[in-house]
Amino acid sequence: MQIELTHYLLLTAVLFSIGVMGVLTRKNLIIILMSVELMLNAVNLTFVAVARFTADITGQVLVFFTMCVAAAEVAVGLAILISIWRHRGTMHIDSVKLLKW
Amino acid sequence: METILFAAFALCSILAALLTITAPAPIASALYLVVTMLCLAGLYVLLAAPFVAAIQVIVYAGAVIVLILFVIMLLNLKPIEERIPAAWRIAGIVIAALILMITFLSIMSVSSLLPTATTLPETFGKVNEISGLLFSKYLYAFEVVSVLLLLAVVGAVSLIRKPDAGGTDAN
């Protein structure tokens with residue numbers, strides 16, 4: 001069986017949904033952050049797969065930019081988590097609901 | 001051969017991703033996330049993107065995960081009690097399943113129109129081709145991203161400063 005673009009797109013859809021499920025069903029801030037990383041990675045795989053099957057290198061350049069943004073997001077996100085840990089002493093997401101209502 | 005490798009990497013990444021979001025301890029979660037990242041790097045090699053695979057291993061499996069593990073170990077994070085009402089949990093799973101179903105159906109409905117595998121030029125995915133595009137057509141975006149990374153560094157440092165340092169930068 002030849003592996004086609006459809007298979008890659010289905011795989012990325014599954015990975016993205018797993019990331020969404022992680023964000024919606026977990027209460028640990030750091031695991032939610034990791035689920036967001038999972039979704040970003042699924043999108044990266046879509047870019048690379050489409051780049052390969054359309055023979056256009058632009059997708060790989062865009063992945064480079066996505067990775068830069070993801071690295072910046074992780075650095076600032078973890079700094080916020082450490083700040084929350086210092087102030088609240090917990091990683092539970094219910095401890096940060098000041099802006100919720 | 002390619003089919004077998006794709007199936008192995010795909011199954012491994014889905015399994016590791018599921019374990020990432022179900023493991024109770026954050027540290028186990030982070031280690032499963034490394035497995036997912038490495039499987040994706042393998043898929044990038046299959047997709048004729050060796051440079052992207054290399055930066056996937058260096059940036060994600062290297063820097064990002066090490067940063068997350070460092071924070072987990074520094075703060076000595078234990079599994080927290082996640083008491084979630086069953087209705088919320090089911091709602092989360094249903095929403096994720098709906099997203100999966102919608103994307104699945106839309107992919108299947110256009111699957112006959114998608115481009116099929118073609119033979120690629122020899123230079124496809126090599127570093128000099130990517131860098132040529134990066135430093136000509138996308139030069140502006142490249143510079144903006146460098147400013148973004150600088151902002152992230154400054155933001156992270158200012159966020160984790162001790163709150164009682166006052167205006168004198170005591171530490």
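Okay, hi everyone. Before anything else, keep in mind that this is a predicted model.

Let's start with the interface. Chain A puts 68 residues into the contact, and chain B puts in 79. Between them the two chains bury about 7,000 Å², and 79% of that is on carbon and sulfur atoms. If you want names on the chain A side, Met34(A), Arg52(A) and Met67(A) lose the most area to chain B, though together they make up 9% of what that side buries.

Salt bridges between chain A and chain B come out at zero.

In terms of helices, α1, α2 (29-53) and α3 of chain A each supply at least two residues to the side that touches chain B. The biggest giver there is α3(A), with 22 residues. By class, that side of chain A has 45 nonpolar, 16 polar and seven charged residues.

The largest pocket holds about 240 Å³ of space. Its lining has 17 residues, and the ones nearest the centre are Leu24(A), Arg26(A), Lys27(A), Ile93(A) and Trp88(B). The elements giving two or more residues to that lining are α1 (5-25) of chain A and α4 (86-110) of chain B. Of these, α4(B) has the largest share, five residues.

Now the second largest pocket, with about 190 Å³ of space. From chain A the lining takes Ala75(A), Leu78(A), Ala79(A) and Ile82(A), and from chain B it takes residues including Leu67(B), Phe70(B), Val71(B) and Ile160(B). Here α3 (58-88) of chain A and α3 (50-74) of chain B each supply at least two lining residues.

How many salt bridges turn up over all chains? Searching the whole structure gives one. That one is Asp94(A) with Lys27(A), with the closest N and O atoms 3.4 Å apart. The pair ties together distant parts of the chain: Lys27(A) sits in the loop between α1 and α2 of chain A, Asp94(A) is in the segment after α3 of chain A, and they are 67 residues apart.

How values were computed: Residues are numbered from 1 along each chain as its sequence is written. Chains are lettered from A and ligands numbered from 1 in the order in which they are written. This is a predicted model: local features need pLDDT of at least 70, side-chain atom pairs count only at pLDDT 80 or more; totals for chains, interfaces and linings use all residues. Side-chain values use heavy atoms; hydrogens and water are left out. On a 1 Å grid over the protein atoms alone, a cavity is a set of points where a 1.4 Å probe fits but cannot get out, and a pocket is an open set with protein on both sides within 12 Å along at least five of seven lines; lining residues have an atom within 4 Å of a point. Grid points are joined across faces, edges and corners, and a volume is the space filled by probe spheres set on the points. Helices (H or I, at least four residues) and strands (E, at least two) are DSSP runs, numbered from the N terminus. Contact means heavy atoms within 4.5 Å. Buried area is the accessible area (1.4 Å probe) that two parts lose on being put together, summed over both. A salt bridge is a side-chain nitrogen of Lys or Arg within 4 Å of a carboxyl oxygen of Asp or Glu. Ala, Val, Leu, Ile, Met, Phe, Trp, Tyr, Cys and Pro count as nonpolar, Asp, Glu, Lys and Arg as charged, and the others, Gly among them, as polar.
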